[in-house]
Amino acid sequence: MMAIRTTTTRVASFAPGPSADHADAVPAGFSFEDLVVAYFDCRKNKRNTHNALAFEQNLERNLCRLADELADGSYRPGRSICFVVTRPKPREVWAADFRDRVVHHLLYNHISPRFYASFIADSCACIPGRGTLYAARRLESKVRSVTKNWARPAWYLKCDLANFFVSIDKRVLRAQLAARITEPWWMWLTELVLMHDPRPDVQMQAPAELLALVPPYKSLLNQPAHRGLPIGNLSSQFFANVYLDSLDQHAKHQVRARHYVRYVDDFVLLHESPQWLNAAHDDIEAFLPRELGARLNPSKTILQPVERGIDFVGQVISPWVRTTRPRTVNEGARRLRQMDAADLHAAANSYFGLLRQATGSHTDRARFANIVRKRGHSVNRQLTKAYRSHTT
C-alpha cells in the first residue's frame with residue numbers, strides 16, 4: 001500500500017479530457033488521489049471477490065491504466081455479470097466489473113454532495129445515515145405528529161412504483177443530472193455510466209430455469225435501450241434517488257404533503273382526511289407518467305387507518321410500538337432451523353441485530369433465542385447476542 005500512497009502526488013489533475021469534439025478537449029477534473037480513494041471505497045465489501053482480487057494483484061498498474069483511460073477519454077465500461085436472486089422474490093442483479101465499480105465510486109464521490117444538499121429529509125435509501133431504521137423512525141415520528149401521539153384518528157396512503165428500476169427513462173434522468181453537473185468532463189463520465197447498456201456484452205451466471213422465474217416485464221433484458229437501470233450498481237442506486245427527487249419535491253411543494261416519507265420506490269403519505277389522500281393519489285398518479293414516464297402499481301396502493309399498522313421498510317408501525325414484519329420473522333426462524341451448523345452463529349447475530357431495530361422485539365428475539373439454544377449455542381440474558389458452542 002505504501003507504493004500507492006507515494007503515487008498520489010504523481011499528478012495533481014489529468015489534463016486532456018474528452019468532449020463531443022475531441023479537438024475541443026477539456027481538463028479532467030480528478031486527481032490520482034481521488035481515484036485511490038474511490039478504489040478503497042469500492043473494495044470495502046468486495047475485497048474477497050474474484051474480480052477485486054484480480055485487480056489488486058497489479059493494483060498500481062491497474063489504477064494508473066484506469067486513470068490514463070479516464071483522462072484521455074478512451075475509458076469504456078467492461079463486461080457485467082448477470083445473475084438471479086430469489087429472495088424476497090426473483091429478480092435480476094447486474095454486477096459491473098470491479099474497475100467499473102471504482103469509476104462509479106469516483107463519480108459518486110464527486111457529484112453526490114451537490115444532490116444530497118437539495119434532497120428533502122424524508123428521502124431515504126442509499127443516502128449516508130438514511131437507511132431502513134432512519135425511514136422507520138421518520139415515519140413513526142410523523143404518525144405521532146399527525147395523530148397527536150396516537151390520540152386522534154388519521155389515515156395513510158402507501159404507494160409503490162410499478163417495475164421501478166427497469167422502467168426508469170434514462171433520457172429524463174440525463175436531463176435531471178445535466179441541470180446540476182456543469183463541468184463538461186464530469187458530465188461526460190456521468191453520461192457514459194448512465195447510458196451504458198450492459199446487455200450486449202454480459203456474462204450470464206443464471207441457469208435458464210432461474211431466469212424464467214423473473215417476469216418478462218421485470219427483466220432489463222426486455223426493455224428498450226432508453227429504459228432501465230441495472231440493479232446492483234452504486235450508480236443505479238444514486239441515479240434512482242436523483243430521478244425521484246422531482247416526485248419528492250412535487251409531493252412537498254405542489255401536493256403540500258406535510259407528512260411524507262419515501263424509501264426507494266415505496267412512499268407513504270399521512271393525513272387526517274382519507275378524501276385528501278385520495279386527491280393526493282390522483283395528483284401523483286397524473287404527475288408520474290407526465291414528468292417521469294413512470295406509473296403507480298395499483299395492486300400495491302393501500303389506503304387505511306394508521307391504527308391498523310403501516311408495513312414499511314420491513315417494520316410495522318402500530319400504536320406505541322414498531323415490530324419487525326411477521327413474514328421476515330417467520331422466514332428468519334425457518335432459515336435458522338434449517339441452515340448448516342457452521343453458518344448458524346453469524347446468521348443468528350445478524351438476525352438479532354435486525355430485530356433490535358424494532359422497539360417491540362422481545363417476543364421475536366425470544367423465539368429466535370430458543371431456536372439457537374436448541375441447536376447447541378448460547379444466548380445472553382438480553383437476547384441480543386449468540387455465542388458459539390464449544391463443539392463447532
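**A guided look at the sheet, a hairpin and some aromatic pairs**

In this predicted model, five strands form an open sheet with mixed pairing, in the order β3-β6-β7-β4-β8.

Student: What is the bridge partner of C124 in β6?

Tutor: Start with the two strands: β3 and β6 (residues 259–263) run parallel and are joined by two bridges. In β6, C124 has as its bridge partner Y263.

Student: Which strands does helix α12 touch as it packs on the sheet?

Tutor: Helix α12 covers residues 274–292, and its direction makes about 145° with that of β7. As it packs on the sheet, the strands it touches are β4 (155–160), β7 and β8.

Student: Now the hairpin of β10 and β11: which residue takes a positive phi?

Tutor: Good one. Strand β10 (residues 315–318) pairs with β11 in the antiparallel sense over four bridges. Two residues sit between the strands of this hairpin, and the positive phi, near 75°, belongs to W320.

Student: Which residues make up the covered face of β11?

Tutor: In a regular strand, side chains alternate between the two faces of the sheet. In β11 (residues 321–324), V321 and T323 are on the uncovered face, while the covered one has R322 and T324.

Student: How many residues apart in sequence are the parts that F115 and F238 tie together?

Tutor: These two rings form an edge-to-face pair, 5.6 Å centre to centre with 80° between the planes. F115 lies in helix α5 (residues 98–116) and F238 in helix α11 (residues 234–253), so the pair ties together parts whose separation in sequence is 123 residues.

Student: Last one: which backbone nitrogen does the side chain of D169 reach?

Tutor: D169 is found in the loop between α7 (164–167) and α8 (170–178). D169 is buried, with a relative accessible area of 6%, and its contacts beyond four places in sequence are H226, R227, Y243 and L292. At 2.9 Å, its side chain reaches the backbone nitrogen of R171.

Methods
Residues numbered from 1 in each chain as written. Predicted model: local features only at pLDDT ≥ 70, side-chain atom pairs only at ≥ 80, totals over all residues. Heavy atoms only, no water. Buried < 20%, exposed > 50% of the residue type's maximum accessible area, 1.4 Å probe, protein only. Polar contact = N/O pair within 3.5 Å; in protein donor to acceptor, adjacent residues only side chain to side chain. Contact = heavy atoms within 4.5 Å. Pairing = 2+ DSSP bridges. Axes fitted to C-alpha atoms, helices over the stretch in contact; angles between N-to-C directions. Phe/Tyr/Trp six-rings, centres within 6.5 Å; stacked < 30°, edge-to-face > 60°.
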